Amino acid sequence: MPTAIAVTGADLVLSPTDPGTPNAAVLPPPGGRPLDASVADMQQLLARYGHVVVVCPTAAPAAVEQRLRAVRGLLESDRIALVRTDLPPLGAAVLVRQLRQLAGCDFSPGVLASAARLLAHYIYAGAVLGSVSRLDRVPVSLGSHLKGWLPGAHFAVLAGPTPQIVRLGSGETPLAGPEFTTELLLARGQLQTDWPTTTLVPQWRIGGPVHETPLPDSSPGWWGTPKLVEFAAYLPDLPVLYQLVSSVRRETCHWCGMDLIGDRCGFCAAPLAPPDQAPRAAAPGSHGPGALTGGRPTHALGPGTQAPGPGTHAPGQGTHAPGTGTYAPGSGAHALGPGTHAARALGPGTPPTRALP
């Protein structure tokens with residue numbers, strides 16, 4: 001049975017990429033809603049799907065997280081994962097859609113929950129802003145603050161994976177973009193600019209058409225101004241997402257027994273046990289291409305390569321932190337190289353999908 005993906009706001013739910021993408025359950029906000037109603041909502045999800053992964057942005061009101069933790073405590077359930085993300089609203093919505101895509105595959109609930117941290121490293125989320133004077137979620141230099149007072153000043157801000165701010169104009173420094181083929185999603189606020197389509201698309205070698213969606217309700221508050229155009233570049237295709245997640249070594253949480261990838265359990269948040277305290281054995285059903293051994297990847301998608309089919313190997317770039325089970329963006333542990341086209345299928349063995357009933 002597929003794992004349910006739940007969200008704390010309707011603006012985190014984007015249109016599906018294909019008919020097989022499962023829907024997300026929107027949990028009503030706690031304001032004016034009794035606790036027992038929230039408990040009943042979660043009980044229904046657990047009864048129908050077995051496990052629930054709730055995505056809650058760190059920018060959400062504290063009452064939202066408190067309600068989720070209270071519900072999980074009252075139910076005394078180890079089948080509810082609370083996933084926090086620092087991504088801005090549009091990037092968080094993209095992350096939720098990718099988790100929805102993967103929820104229809106054969107990943108266990110533990111792998112799905114812990115995959116959120118990995119997927120976030122491959123989402124390039126930012127915005128074009130008319131002012132950075134109230135921006136407090138991305139480091140802003142004093143010079144940028146001063147330039148923000150100049151008439152007509154616009155800024156391109158990248159929130160992740162690596163924060164960056166550049167003032168738009170002649171001789172501007174390009175934003176550090178992905179080294180793999182992505183698609184671009186735009187959400188327009190009150191700022192009138194075509195910079196993302198005229199400048200960012202060729203700089204980042206965006207493949208395919210640029211998609212647009214309504215601006216999330218929480219975006220003006222996150223960015224500190226309603227005068228913005230928010231954007232997010234991402235991997236759109238399920239076969240590439242599937243291989244990215246399945247290429248990471250699977251571990252078993254020493255505390256709750258769930259499967260996990262990376263260095264922390266997505267359900268109980270327990271860190272990965274040191275090698276001398278827990279055996280490092282791949283979980284049954286690990287997928288061949290990309291399985292990690294001894295804390296190092298056997299292969300990754302290198303520059304100029306296509307997504308390999310089963311049985312093929314491409315040379316990796318960089319290293320994987322030995323013995324930690326962690327992943328670092330840009331290290332090459334999971335990097336998709338320049339020219340890798342996300343739209344190309346992986347050949348035989350492409351994962352089946354299924355929609356939530």
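1. F155 stands opposite R167 of strand β7. F155 belongs to the pairing of β6 (residues 155-160) with β7 (residues 164-167), an antiparallel pair joined by four bridges. Strands here are DSSP E runs of at least two residues, helices are H or I runs of at least four, and both are numbered from the N terminus. Two strands count as paired if DSSP finds at least two bridges between them.

2. A word on the basis. This is a predicted model, in which local features need pLDDT of at least 70, side-chain atom pairs count only at pLDDT 80 or more, and totals for chains, interfaces and linings use all residues. Residues are numbered from 1 along each chain as its sequence is written, and side-chain values use heavy atoms, with hydrogens and water left out.

3. Now the sheet. It is open, has six strands, and runs in the order β7-β6-β5-β10-β8-β9 with mixed pairing. β7 and β9 (211-212) are the edge strands, each pairing on one side only. Strands of a sheet pair through backbone hydrogen bonds, either parallel or antiparallel.

4. Two helices deserve a look. Helix α3 (residues 89-103) packs on the sheet and touches β5 (124-129), β8 and β10 (228-234). The direction of α3 makes about 30° with that of β10. Helix α6 (residues 195-204) lies across β5, β6, β8 and β10, at about 160° to β8. Axes are lines fitted to C-alpha atoms, for helices over the stretch in contact, and angles run from 0 to 180 degrees between N-to-C directions. Contact means heavy atoms within 4.5 Å.

5. Is P109 buried or exposed? P109 is buried, because its relative accessibility is 16%; buried means under 20% relative accessible area, exposed over 50%, and partly exposed in between (1.4 Å probe, protein chains only). P109 lies in helix α4 (residues 109-120). Leaving out residues up to four places away in sequence, P109 touches T3, H51, V53, M258 and F267. The C-alpha atoms of P109 and G266 are 8.8 Å apart, although 157 residues separate the two along the chain.

6. T8 sits in the loop between β1 (4-7) and β2 (25-26). Its relative accessible area is 17%, so T8 counts as buried. Which residues does T8 contact, leaving aside neighbours within four places in sequence? They are L27, V54, V55, C56, P57, V64 and L68.
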